[in-house]
Amino acid sequence: MTVLRAKGFEIYKSWLAQAAQVRLVDAVRGVVKAAPLFRPETPHGKEMSVRMSAAGKYGWYSDQTGYRYVTAHPNGRAWPEIPDEAMQIWDALTGLDRKPECCLINYYDADARMGLHQDKDEADFRWPVVSISLGDDGLFRMGNVTRGGKTESIWLQSGDVVVMGGDARLAYHGVDRTRAGSSTLLKDGGRINLTLRVVE
Ligand code: SIN
Ligand code: MN
């Protein structure tokens with residue numbers, strides 16, 4: 001395990017050993033069985049390339065009405081509980097008594113990407129966002145708290161965890177591309193990113 005710092009982002013390389021990654025993926029499979037992945041639409045009416053689901057009291061949702069947190073999956077059912085395996089990562093890396101209310105699940109197939117954006121739909125930016133990578137490598141771009149300016153990129157690999165807190169909490173970030181076939185963790189390939197967020 002090594003910790004890297006870039007633009008205020010804390011990157012815990014290889015935070016999860018292989019066995020822990022397998023357990024977490026199993027837990028995520030349980031979540032998406034109850035709350036299947038779906039493809040949100042941006043407020044501009046474009047389908048996102050990433051497929052999403054969530055666990056916890058809230059899931060993040062987007063359609064032509066805008067971005068927001070919602071308490072039910074599009075199928076009408078409440079989101080499943082946040083897996084313990086994910087909660088333990090939050091506890092270990094943040095040491096906070098405050099627990100996240102959303103574990104957003106992003107699934108990237110070989111062609112998916114996520115444009116530069118800020119995570120700013122939450123009520124209180126004092127709490128960090130914890131981001132867990134599983135499966136194929138993803139090229140993570142880190143920017144600034146305002147649009148534009150210099151960015152830095154790093155390949156996130158399976159088992160890496162990023163903490164976005166402090167100055168990086170509202171920094172722009174995104175995923176330019178993934179490296180298909182770089183990991184054998186997911187039997188059908190692709191990349192999963194989990195983000196733990198305090199919403200209220
Ligand atoms: C996100 O910003 O929600 C996802 C980041 C990632 O996939 O690494
Ligand atoms: Mn984000």
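Is Ala 86 buried or exposed? In this predicted model, Ala 86 is buried, with a relative accessible area of 0%, where buried denotes under 20% relative accessible area, exposed over 50% and partly exposed in between (1.4 Å probe, protein chains only). The model is a prediction in which local features need pLDDT of at least 70 and side-chain atom pairs count only at pLDDT 80 or more, while totals for chains, interfaces and linings use all residues, and side-chain values use heavy atoms, with hydrogens and water left out. Residues are numbered from 1 along each chain as its sequence is written, and chains are lettered from A and ligands numbered from 1 in the order in which they are written.

Ala 86 belongs to helix α2 (residues 84-94); helices (H or I, at least four residues) and strands (E, at least two) are DSSP runs numbered from the N terminus. When neighbours within four places in sequence are left aside, Ala 86 is in contact (heavy atoms within 4.5 Å) with Leu 24 and Leu 196. The C-alpha atom of Ala 86 is separated by 8.1 Å from that of Cys 103, 17 residues apart along the chain.

The manganese ion (ligand 2) is coordinated by His 117 (NE2), Asp 119 (OD) and His 173 (NE2), at 2.1 to 2.2 Å; donors are N, O and S atoms within 2.8 Å of the metal (3.2 Å for Na, K and Ca), and because water is not among the atoms, sites may look incomplete. The spacing of these donor residues in sequence is H-x1-D-x53-H. Distant parts of the chain are linked by the pair His 117, in strand β7 (residues 114-117), and His 173, in strand β12 (residues 173-179), which are 56 residues apart. His 173 is itself buried, at a relative accessible area of 5%.

His 117 and His 173 are also among the residues around ligand 1, which include Asn 106, Tyr 108, Phe 140, Arg 191 and Asn 193, a residue being near a molecule or strand if one of its heavy atoms lies within 4 Å of it. Oxygen atoms of ligand 1 lie 2.5 Å from a polar side-chain atom of Tyr 108, 3.0 Å from one of His 173 and 2.8 Å from an N or O atom in the side chain of Arg 191. Of the 260 Å² of accessible area that ligand 1 has on its own, the protein covers 99% (Shrake-Rupley method, 1.4 Å probe; for residues, only the protein chains shown count as cover).

Asn 193, found in strand β13 (residues 191-197), is buried at 6% relative accessible area. Its side chain is joined to that of Ser 131 by a polar contact of 2.9 Å, that is, a pair of N or O atoms within 3.5 Å, of which, within protein, one must be able to donate a hydrogen and the other to accept it, residues adjacent in sequence counting only if both atoms are side-chain atoms. Lys 13, in strand β2, likewise counts as buried, at 13% relative accessibility, and its side chain forms polar contacts of 3.1 Å with that of Gln 157 and 2.5 Å with that of Asp 160.
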